[in-house]
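Here is a brief report on helix packing and on selected residues. Please keep the sequence and the model in view while reading.

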Amino acid sequence: MQNPRKTTANASKAVVPVLLACSFAASFSESMMSISLPKLADEFSLTLSVANWVVVGYLVVAATSVTLAAFLLKRFGLRVVFFLGGGALALGSGLAMLAPSFPALFACRLLQAVCTGLFFPTVTGVIMIVIPKESLGVHLAMNSGIIALGLAISPVASGFMLTYFGWRAMFFVPFVLAAALLVAGFFLLHDVEPRKQVSADFASAALSLFGLGSLVYGLSEITHDLAPAACALGAAAVILTLFVHRQLASKAPLLNLRPFGHPRFTIGLLLVMVGMMISFSLSVLLPLYFEGALGHTAFFAGLLLLAPVLANAICALAGGRLFDRRGAWPLLPLGFALSLAGLAGVCFFGETMQTGLVVAFCAVAYAGLGFATTPAKTTALDQLPPELYSHGAAINSTFVQIGSAIGPSLFVGVLSSDVLRGTAAGLSRADAYAAGFSHTLAIAIGIAAVGLVAAILFAYALRRKA
């Protein structure tokens, strides 16, 4: 069998565009439902926290799929992983357009999530294989930019389809994307490395799936029904403890936890998780506010999200360059401080329903997160010895999805219970949404404040070490 590394230069010309399209499709699918929660809640007579499972359930499955991506790539090769991910997106999207009930729609979203969980780590890994070192940074930056583009376009495109054609039509776009990918990949993609006879610990995958599912369920329902939520959180603690024990005892763990033996990696990863919790929570909470409190259509709510998400993408790229020049200090603290200031502005003007100021301060918060999250990730990985770098990257990819699931499950649960209490007390629907939004943002501000203190201590310690 010919060594694929010898044909890297020619192969990359055809492979890389398809890989970048995979990243776009995965990010589009991941964020497409945040704009639809008020409509789904009304359509199926659900609370917002239940409707939100089309978002958080997706992220839980994506996090579990991330841990299996490396095994599948080594054992079956790029083409098989590609067709699994693209096929899951096509099938999930196609069936969602026909879903007769919310449980059926939820199942379709879980199927779609396999695409994101497989594509994100696989695209990064394959780019690192086929691209020469001298241009690797450019291609990885292009991949990050494509992901950000998907996150920015998705609420607008999905909001347009939802507003003018209904919620089923939202799935037409990812279905077409998946179909086009499958055709292009059939002709252009090939395996980039020889396959290896490796094994995967599917018991660990099941533990992570049920453990994370119990965790986000408990967080989403803790303000609605305390007893079931407490039971779910207790079950999550037990299941995740078993997961950790299994990884530490295994010679070939699904997720190698040795990087957590480096405290500064752990702190950096926690900062990444805080950033992702806030960022993804805003992408879910803001459409709820724009549609529920201000009465805008889903399409207009998506347009209002466009500028803040693009600000995040631009500042993420700028933050990477500043980090290369200046290091973590003072970039990390300044990023979290900017995010905290933006969140405070959104919270203050949200209750008074001043749309322009809410969007402006939201852009400030997103910009701060852009400056902070990417440097926090790079700093965390820099704390590891070379032999643990790949394991640290896998942990980061997994915990990014976990942080993205935990934030919306907690915050939407709080907002949902506030709306129910407010309307029961006689508030109008719009006022109940506005009050609940501000209350939820106050919790996010507290989390961001903790992140700021940790960022100051972490970056200052690294500066003293240097």
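**Helix pairs**

The model is predicted. Helix H4 spans residues 53-76, and helix H9 spans residues 202-221. Their axes come within 10 Å and cross at roughly 160 degrees. Angles over 145 degrees count as roughly antiparallel, so H4 runs roughly antiparallel to H9. The crossing of H4 and H9 is right-handed.

Which residues in H4 meet H9? They are Trp53, Val60, Val61, Ala63, Thr64, Leu68 and Phe71. On the H9 side, the contact involves Phe202, Ala205, Ser208, Leu209, Leu212, Gly213, Val216, Tyr217 and Ser220. By class, the contact of H4 with H9 has 12 nonpolar and four polar residues, and no charged ones.

The second pair is H11 with H14. Helix H11 covers residues 263-293, and helix H14 covers residues 355-382. Their axes come within 8 Å, with a crossing of roughly 155 degrees. H11 and H14 are therefore roughly antiparallel to each other. H11 passes H14 in a left-handed crossing. The contact of H11 with H14 divides into 19 nonpolar residues, five polar and one charged.

**Cysteines**

How many disulfides does a search of the whole structure find? The count is zero. Cys315 is in no disulfide, and the nearest cysteine sulfur, that of Cys362, lies 12 Å away. A disulfide would need the two sulfur atoms within 2.5 Å. Is Cys315 buried or exposed? Cys315 counts as buried, because its relative accessibility is 12%. Cys231 has a relative accessibility of 58% and so counts as exposed.

**Accessibility at a glance**

The table gathers the relative accessibility of the residues discussed here.

| Residue | Relative accessibility | Class |
|---|---|---|
| Cys231 | 58% | exposed |
| Cys315 | 12% | buried |
| Ile402 | 12% | buried |
| Ser45 | 67% | exposed |
| Val346 | 1% | buried |

Ile402 lies in helix H15, which spans residues 389-424. Its relative accessibility is 12%, so Ile402 counts as buried. What does Ile402 touch, not counting residues up to four places away in sequence? The partners are Ala63, Leu212 and Met273. Ile402 and Pro308 are 94 residues apart in sequence, and their C-alpha atoms are 22 Å apart in space.

Val346 lies in helix H13, residues 331-350. Val346 is buried, because its relative accessible area is 1%. Leaving aside its neighbours within four places in sequence, Val346 is in contact with Val358, Phe361, Cys362, Phe437 and Leu441. Val346 and Val358 are 12 residues apart along the chain, and 4.9 Å separates their C-alpha atoms.

Ser45 sits in the loop between helix H2 (37-43) and helix H3 (48-51). Where is the phi of Ser45? It is near 55 degrees, a positive value in a residue other than glycine. Ser45 is exposed, because its relative accessible area is 67%.

Methods. Residues numbered from 1 in each chain as written. Predicted model: local features only at pLDDT ≥ 70, side-chain atom pairs only at ≥ 80, totals over all residues. Heavy atoms only, no water. Axes fitted to C-alpha atoms, helices over the stretch in contact; angles between N-to-C directions. Helix = DSSP H or I, 4+ residues; strand = E, 2+ residues; numbered from the N terminus. Parallel < 35°, antiparallel > 145°, perpendicular 65-115°, else oblique. Left-handed = near helix turned anticlockwise from the far one by under 90°. Contact = heavy atoms within 4.5 Å. Nonpolar A, V, L, I, M, F, W, Y, C, P; charged D, E, K, R; others polar. Buried < 20%, exposed > 50% of the residue type's maximum accessible area, 1.4 Å probe, protein only.
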